[in-house]
Amino acid sequence: MADYDVSVSESIIPDLLDRPNALSQLVETVIQQVLEAQVSEHLGADRYERAEDRAGYRNGYRDRQLYTRVGPLTLRVPQTREGSFSSEIFSRYRRSEQAFVLGIMEMVVNGVSTRKVSEITEALCGMSFSKSTVSRLAMNLDSRVNAFLSRRLDEAYPFVVVDALFTKSRCEDRVMSKAVLVVGGIRSDGYRDILGVSVGDAESAATWNELFTTLKRRGLHGVDFVVSDDHAGLVEAINKQFAGTTWQRCQIHLLRNMLGHCPSRERADLATAAGLIFRATDIVDARRHRDEFIKRFAKTAPKAVLCLENGFDDAMAVMSLPEKYRRRLKSTNMMERLNEEIRRRERVIRVFPNDASVLRIIGALLAEISERWQEKIYFDMCDYHEWVVERTAPKKGGTKAA
C-alpha cells in the first residue's frame with residue numbers, strides 16, 4: 001500500500017471542534033490530496049513533470065459529491081486522457097452508509113421527521129435535499145441491493161439459520177409494525193452467506209413460505225439442518241418447504257421460554273440447571289441432566305418443566321452432528337448479531353419513511369456483511385462431509401436378498 005504525504009491548511013485547525021463544517025472540510029482536504037497522489041502514481045509523473053516512463057496525461061477534473069456522516073464532501077476527481085484512472089476511495093464508499101444517509105434524507109423530504117431527527121439530519125448530512133436528489137440516489141442504490149437479493153444460489157447450503165425482527169414503517173398517515181425476515185446459510189465449503197431478506201406485515205406461515213419459495217427458485221438446495229426459534233408459522237413453513245431436513249430449535253429461545261414460566265426466586269437455579277443440559281457432551285448425558293432437572297423443578301416450576309419436556313428433542317437435534325459444529329448451530333446467535341447491527345441504524349431512524357427504505361437500508365447493510373463473511377471461513381466442513389457419507393452408507397450385516 002502506498003504512503004501519502006498530506007498537508008492541512010492552518011485555517012481549518014483553529015476551533016476545529018466548534019465550527020459546524022470544519023470536520024467535513026478536513027476530510028475533504030485529505031481525500032482530495034490522496035486523489036492527486038493516486039493519479040500521479042497512476043501516470044508515473046506529477047503535474048507538469050517530464051518523465052520518460054510517463055504512462056499518460058491529465059485531462060482536467062470532474063466534480064463528485066459524497067454524502068457522509070460528517071457532511072457533504074465535494075471532491076474534484078482527476079481525469080486522464082485515456083480515461084484509465086479510477087480511485088478505490090469511491091468503490092469502498094459503503095452501500096450501507098449511503099442507505100443510512102438516504103433513509104434520513106427521505107424522512108426530511110416526506111415531512112415526517114421529528115425535532116430529534118431534524119437535528120440528526122443536519123448533523124449527518126449538513127444540508128437539505130430535494131426530492132430529485134433522493135430519487136436519484138435511491139434508484140442507484142436500489143439496483144445494487146436488488147442484485148444482491150436476487151442473485152443465484154448455486155452452491156449447496158447444508159445449514160440454514162433464520163430469524164426475524166420487527167421495526168416500524170410509515171404507511172400514508174399511519175405508523176405500522178413490519179416484520180423483517182432474514183435467512184442466512186453456511187455453504188458446503190464452510191463460508192457463510194446472507195441468502196435473503198423480506199419485509200412483510202407479519203411473521204406468519206404465509207410470509208415465511210413466500211420467502212423460502214423465492215430462495216428455492218433462486219437455487220437454494222442441499223439443506224440438511226434449519227435452525228430457528230419455535231414460532232408456529234415459521235416451523236410450519238420449514239416443515240413444508242424443507243421436508244426431510246432436521247429442524248434445530250434454538251436453545252437460547254427455549255431457555256428464555258422456560259425462564260418466562262418460572263417463579264423469579266427459582267430463575268437463577270433453573271438457568272444453571274438448564275445450562276448443564278445444553279452443554280452436555282452427548283445425548284445420553286443431556287437426557288440424564290434433563291431427568292435431574294425435571295425431578296428438581298417439577299413442583300416449584302411445573303410450567304418450565306413442561307416447556308423443557310415439549311422442546312427437548314428439537315432443541316437437542318444438533319447432538320447428532322459432529323461435536324465441532326454443535327456450539328454454533330445450537331442457537332440462532334449468528335442471526336442475532338445481524339439483528340444487533342440492524343438495530344444500531346433503526347435506533348437513529350426510529351420510524352422508516354416507507355417499506356422500500358426498510359429493505360434498502362437493511363439489504364445494503366447485509367450485503368456488506370455477507371461480503372465480509374467471504375474473507376474468513378466459518379466451518380471446516382471435512383468432518384461434516386465424512387459424517388454425511390457414514391450416515392448414508394449401507395449398514396453392514398443387512399439381510400441378503402433371497
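1. Start with the charged cluster. Arg151, Arg187, Asp189 and Asp193 are linked in a network of salt bridges. The model is predicted, and the points below should be read with that in mind.

2. Arg187 has 12% relative accessibility and counts as buried. Asp193 is buried too, with a relative accessible area of 8%. Both values fall under the 20% cut-off for buried residues.

3. Arg152 counts as exposed, at 52% relative accessibility. Asp154 is exposed as well, at 54%. The cut-off for exposed is over 50%.

4. Which residue forms a salt bridge with Lys324? The partner is Asp380, and the closest N and O atoms are 3.8 Å apart. Lys324 lies in the loop between helix H11 (302–315) and helix H12 (326–329), while Asp380 lies in the loop between H14 and H15, so this pair ties together parts that are 56 residues apart in sequence. Lys324 is partly exposed, with a relative accessible area of 40%. Asp380 counts as partly exposed at 42% relative accessibility.

5. For the overall tally, a search of the whole structure finds 16 salt bridges.

6. Now the nonpolar side. The largest nonpolar core has 38 residues. Phe159, Leu321 and Leu329 have the most contacts inside this core. Several elements each supply at least two of its residues: strands S3 (159–171), S4 (174–186), S5 (192–200) and S6 (225–228), together with helices H5 (131–149), H13 (333–349), H14 (355–373) and H15 (382–392). Which element gives the most? H14 does, with nine residues. As background, nonpolar side chains in soluble globular proteins tend to be buried together.

7. Leu329 deserves a separate look. What does Leu329 touch, leaving aside residues up to four places away in sequence? The list is Phe159, Ile186, Val227, Gln248, Val318, Leu321 and Phe379. Two of these contacts, Phe159 and Leu321, are named with Leu329 as having the most contacts inside the core.

Conventions
Residues are numbered from 1 along each chain as its sequence is written. This is a predicted model: local features need pLDDT of at least 70, side-chain atom pairs count only at pLDDT 80 or more; totals for chains, interfaces and linings use all residues. Side-chain values use heavy atoms; hydrogens and water are left out. A nonpolar core is a set of buried Ala, Val, Leu, Ile, Met, Phe, Trp, Tyr and Cys residues joined through side-chain atoms within 4.5 Å. Buried means under 20% relative accessible area, exposed over 50%, partly exposed in between (1.4 Å probe, protein chains only). Helices (H or I, at least four residues) and strands (E, at least two) are DSSP runs, numbered from the N terminus. Contact means heavy atoms within 4.5 Å. A salt bridge is a side-chain nitrogen of Lys or Arg within 4 Å of a carboxyl oxygen of Asp or Glu.
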